[in-house]
Amino acid sequence: MTSTIPTNNVGLAVMTTLRNYGIDAVFGIPGTHNLEFYRHLKPLGIRPVTTRHEQGAGYGSDGWSQLKGLPGVVITTSGPGLLNAMSAAATSYCESRPMIILSPGAPRGSEFSDVGLLHETKDPTGAVRALIGRSTRVSSGSEAVELIHQAFASFAHGRPRPVHIEIPLDLLESASDVDPAALEARPLGAPKKADDDAVAAAAALLRDASNPVILAGGGSLGTGAALLELAELLQAPVVTTINGKAAIPEGHPLSLGSEIRFASAQDLCNSSDALLVIGSKLGESEMWGGKILPQGGSIRIDIDPLQLHCNLSPELELLGNAAAVVPQLLAALTGHVAAAAPQLAPQLAPLRAELQAEARAMAPVLAQINEILAATLPADTVIAGDSSQITYFGTTSFFPMQQPHQLLYTPAYATLGYGLPAAIGAKVAAPDRPVVGLIGDGALMFAVQEFITAVEQGVDLPIICINNGGYGEIRQNMQDRDLAPVGVDLVQPDWVRMAEGFGLTAFNVESLDVLADTVTQALAVKGPSLIHVSI
């Protein structure tokens with residue numbers, strides 16, 4: 001049958017615009033209604049990554065995004081495909097990460113008709129808007145293209161959060177009337193600076209401080225070398241949230257790692273006479289019940305005005321992009337000589353040891369596993385974690401990292417099923433860089449179908465499954481409440497045979513004495529592999 005759908009259609013206009021911004025991979029599942037997005041991928045040089053569930057598409061796009069420095073793009077079909085991706089979209093919203101979700105919608109004029117259309121959904125755009133805020137059903141190709149441009153501008157100059165664009169099916173398949181010039185990427189401009197007077201006041205506070213401290217969150221990761229330069233100039237210790245992990249190299253003498261959740265790190269912040277908070281909401285999920293209530297002056301840098309007083313009202317506000325504001329502070333502090341002088345770094349060793357002891361006491365075996373892996377894997381290895389104890393009790397503290405986005409994780413939304421698809425997305429983005437999934441058995445079962453996606457994509461990707469027999473954290477929560485564990489001790493598959501059935505090379509590790517050698521073997525395997533570790 002000869003198709004009457006024009007090939008120069010709205011789908012082409014949208015995908016061309018994305019390609020012009022550098023998008024060379026998209027994540028999703030082809031469906032009856034989204035084929036006019038997929039038609040144009042090969043001609044445009046865009047790689048389709050077909051996951052086995054749309055949630056995996058969302059998390060794969062997030063891993064890709066963090067390694068690529070561009071928004072992840074997810075293509076769903078209408079109705080159930082879109083709603084399947086909503087947990088990933090909500091994760092992107094909660095963790096402040098850029099994502100564009102494209103979906104077809106009911107043809108114009110048939111909205112809310114309830115007549116039994118395929119994938120009919122009462123109000124998909126409204127449902128998505130309730131979760132992520134920015135969800136639009138467009139009425140023209142020009143509007144769809146304009147929303148793509150607006151999304152990239154918002155990611156560059158505002159708090160990055162997901163954007164959903166629904167294109168009615170009849171519009172998606174219709175001839176495009178968008179001027180080709182309108183499809184070109186627009187210059188995004190320089191990152192937003194803070195008010196000069198506010199920067200001067202902040203610099204004065206920092207200059208007069210005898211024990212300044214820097215608390216860096218996820219919003220600090222775009223500062224590059226400038227943050228380390230600032231820390232060294234001030235001789236200020238740097239402690240980060242988990243989302244801010246490796247904002248400065250964690251091997252640096254001024255780094256206290258991503259340990260703000262521990263009381264001793266919070267005490268350091270609260271006893272400082274100048275606390276600089278960069279790009280963090282200081283939320284419960286990062287603080288683990290603690291509070292930041294500094295006795296001295298405090299400064300907050302944030303791109304979102306609503307976050308400047310979230311959980312802490314500072315003495316000074318610097319509204320702007322940290323990538324621009326930190327260099328502003330450096331310029332304003334020209335000639336400054338830190339009161340602490342270079343002698344501070346050795347004084348931090350006891351505090352660093354105290355933080356490590358606090359972390360080790362919670363999960364000594366998980367600490368040991370991460371230390372073995374940190375000594376075995378290349379220093380630039382990307383670790384994809386999950387809402388698993390091996391991640392939040394282990395990797396965050398015992399796998400020191402030297403650059404941002406080396407740990408892929410969702411500490412605030414704390415979903416299960418993130419790690420495997422995120423690892424696949426990261427490896428698609430950076431095929432020459434080592435990527436390893438380090439995931440608990442409960443979390444891995446949420447996304448086990450994505451093993452076949454890894455096989456299909458041909459990625460060299462070791463996945464290390466740490467098996468504690470079920471949902472270990474919830475088991476402990478029950479015991480802490482004097483509840484007999486119920487529903488948390490899970491029947492386990494034969495992990496090795498299951499992985500081999502998917503086409504992976506599989507290893508079983510029953511002693512940590514052989515873990516390093518097994519990981520070394522897995523790194524040499526072509527294609528994905530599974531290392532199953534029972535603890």
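Analyst: Ser387 sits in the loop between strand E12 (382-384) and helix H18 (389-398). Helices (H or I, at least four residues) and strands (E, at least two) are DSSP runs, numbered from the N terminus. The model is predicted, with local features needing pLDDT of at least 70 and side-chain atom pairs counting only at pLDDT 80 or more, while totals for chains, interfaces and linings use all residues. Residues are numbered from 1 along each chain as its sequence is written, and side-chain values use heavy atoms, with hydrogens and water left out.

With a relative accessibility of 18%, Ser387 counts as buried; the cut-offs are under 20% relative accessible area for buried, over 50% for exposed and partly exposed in between, using a 1.4 Å probe and protein chains only. Its side chain reaches the backbone oxygen of Ala414 at 3.3 Å. That's a polar contact, meaning a pair of N or O atoms within 3.5 Å; within protein, one must be able to donate a hydrogen and the other to accept it, and residues adjacent in sequence count only if both atoms are side-chain atoms. Setting aside neighbours within four places in sequence, Ser387 touches Tyr392, Tyr409, Ala414, Thr415 and Leu416, where contact means heavy atoms within 4.5 Å.

Another loop serine is Ser110, between strand E4 (99-105) and helix H7 (124-132). Ser110 is buried too, at 16% relative accessible area, and its side chain reaches the backbone oxygen of Pro107 at 2.6 Å.

Next, Asn9, in the segment before helix H1 (10-20). Asn9 has 0% relative accessibility and counts as buried. The Asn9 side chain makes a 2.7 Å polar contact with the side chain of Glu36. Beyond its neighbours within four places, Asn9 is in contact with a list of residues including Arg39, His40, Leu172 and Ser176. Asn9 and Ser176 are 167 residues apart in sequence, but their C-alpha atoms are 4.5 Å apart in space.

Gln328 is a buried polar case inside a helix: it lies in H14 and has a relative accessible area of 10%. Its side chain joins that of Asp196 through a polar contact of 3.3 Å. Past its neighbours within four places, Gln328 touches Lys193, Ala194, Asp196 and Val199. H14 spans residues 322-332, and its buried residues are Ala322, Ala324, Val325, Val326, Gln328, Leu329 and Leu330. The cover over those residues includes helices H10 (196-208) and H11 (225-234), along with strands E9 (274-278), E10 (297-302) and E11 (316-319). At the start of H14, a side-chain oxygen of Asn321 comes to within 2.9 Å of the backbone nitrogen of Ala323.

If you're checking backbone torsions, Asn311 has phi near 65 degrees, positive in a residue other than glycine. Asn311 lies in the loop between E10 and E11 and is partly exposed at 46%. Asp482 also has a positive phi, near 60 degrees, in a residue other than glycine. It's in the loop between helix H22 (472-480) and helix H23 (495-502), and its 74% relative accessibility counts as exposed.

On to helix packing. The axes of H4 (residues 54-68) and H19 (residues 419-429) come within 6 Å and cross at roughly 40 degrees, which makes H4 oblique to H19. Axes here are lines fitted to C-alpha atoms, for helices over the stretch in contact, and angles run from 0 to 180 degrees between N-to-C directions. Under 35 degrees is roughly parallel, over 145 roughly antiparallel, 65 to 115 roughly perpendicular, and the rest oblique. Among the H4 residues that meet H19 are Gly56, Gly60, Gly63 and Trp64, and the H19 side includes Ala422, Gly425 and Ala429. By class, that contact has 8 nonpolar, 4 polar and 1 charged residues; Ala, Val, Leu, Ile, Met, Phe, Trp, Tyr, Cys and Pro count as nonpolar, Asp, Glu, Lys and Arg as charged, and the others, Gly among them, as polar.

H17 (residues 364-376) and H24 (residues 515-523) pack at about 45 degrees with their axes 10 Å apart, and are therefore oblique to each other. Ile369, Ile372, Leu373 and Thr376 in H17 meet Leu515, Ala516, Val519 and Thr520 in H24. This contact has 6 nonpolar, 2 polar and no charged residues.
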